[in-house]
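Hi,

Here is the structure you will be working with. Please open it next to this email and follow along.

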Amino acid sequence: MPKINGNEIRPGNVLEHNGGLWSAVKVDHVKPGKGGAFAQVELRNLRNGSKLNERFRSADKVERVRLEQKDQQFLYESDGMLVFMDAETYEQIELPAEILGERRPFLQDGMTITVEFYESEALSASLPQKVTCTIAETEPVVKGQTAANSFKPATLENGIKIMVPPFVGQDEDVVVNTETMEYAERA
């Protein structure tokens, strides 16, 4: 694995530090009036989600880890485990449902997601940025209501509550941004 200097750490880099895998969330380069410059790095553990603030001098060497990204197709859920299939090798893997966190309800049958692997261990999974959902319940459309920055609450078929424009009605398909969990557009 390549070693990088402490001043080369960038947000999003994955580092091996203190025997764990850490993702750099925030990096501030500090040059105090006295003493040498350093990078103040906020790290998040990829295995358990804990956070750590660490200082790295430019002379410090850290291991930068490259994660392998693979597309996996969702097959089914059983006993809190999500079963995925590799589209190229047809090999099936099981991942805990918690790997998707609060975005779990957006996972649909046959959906292809990206899973990041370190060696053979799955560390994280990400859904497509935009997903089409059906509105299960919302207030009826009111004629004459202005469309200028007015939103109304709506419940999606998967139980997630979002805000939608007033012209969107019940049983309509909408596109939802899975990163911000907000309405993006009509489907």
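Strand E15 (residues 173-177) pairs with E16 in the antiparallel sense, over four bridges. Strands here are DSSP runs of E with at least two residues, and helices are runs of H or I with at least four; both are numbered from the N terminus. Two strands pair if DSSP finds at least two bridges between them. Find valine 176: tyrosine 183 in E16 stands opposite.

This is a predicted model, in which local features need pLDDT of at least 70 and side-chain atom pairs count only at pLDDT 80 or more, while totals for chains, interfaces and linings use all residues. Residues are numbered from 1 along each chain as its sequence is written, and side-chain values use heavy atoms, with hydrogens and water left out.

Now the sheet. Five strands form an open sheet in the order E14-E13-E12-E15-E16, with antiparallel pairing. Strand E14 (161-164) and strand E16 (182-186) are its edges, and each pairs on one side only. On average, neighbouring strands of this sheet are turned by 55 degrees against each other, direction ignored. The axes behind that angle are lines fitted to C-alpha atoms, for helices over the stretch in contact, and angles run from 0 to 180 degrees between N-to-C directions.

The chain as a whole has 16 strands and zero helices. Its C-alpha trace spans about 65 × 50 × 25 Å along the principal axes. Of its 187 residues, 37% count as buried. Buried means under 20% relative accessible area, exposed over 50%, and partly exposed in between (1.4 Å probe, protein chains only).

Next, charges. Side chains of opposite charge can pair when their charged atoms come close. A salt bridge is a side-chain nitrogen of Lys or Arg within 4 Å of a carboxyl oxygen of Asp or Glu. The count comes to six.

- Glutamate 42 meets lysine 51 at 3.4 Å, N to O. Glutamate 42 is buried, at 19%. Lysine 51 is exposed, at 55%.
- Arginine 47 meets glutamate 121 at 2.9 Å, N to O. Arginine 47 lies in the loop between strand E4 (38-45) and strand E5 (51-57), and glutamate 121 in strand E11 (residues 121-126), so the pair ties together parts that are 74 residues apart in sequence.
- Arginine 186 meets glutamate 172 at 3.0 Å, N to O. Arginine 186 lies in strand E16 and glutamate 172 in the loop between E14 and E15, so this pair links parts 14 residues apart in sequence. Arginine 186 is partly exposed, at 40%.

Best wishes
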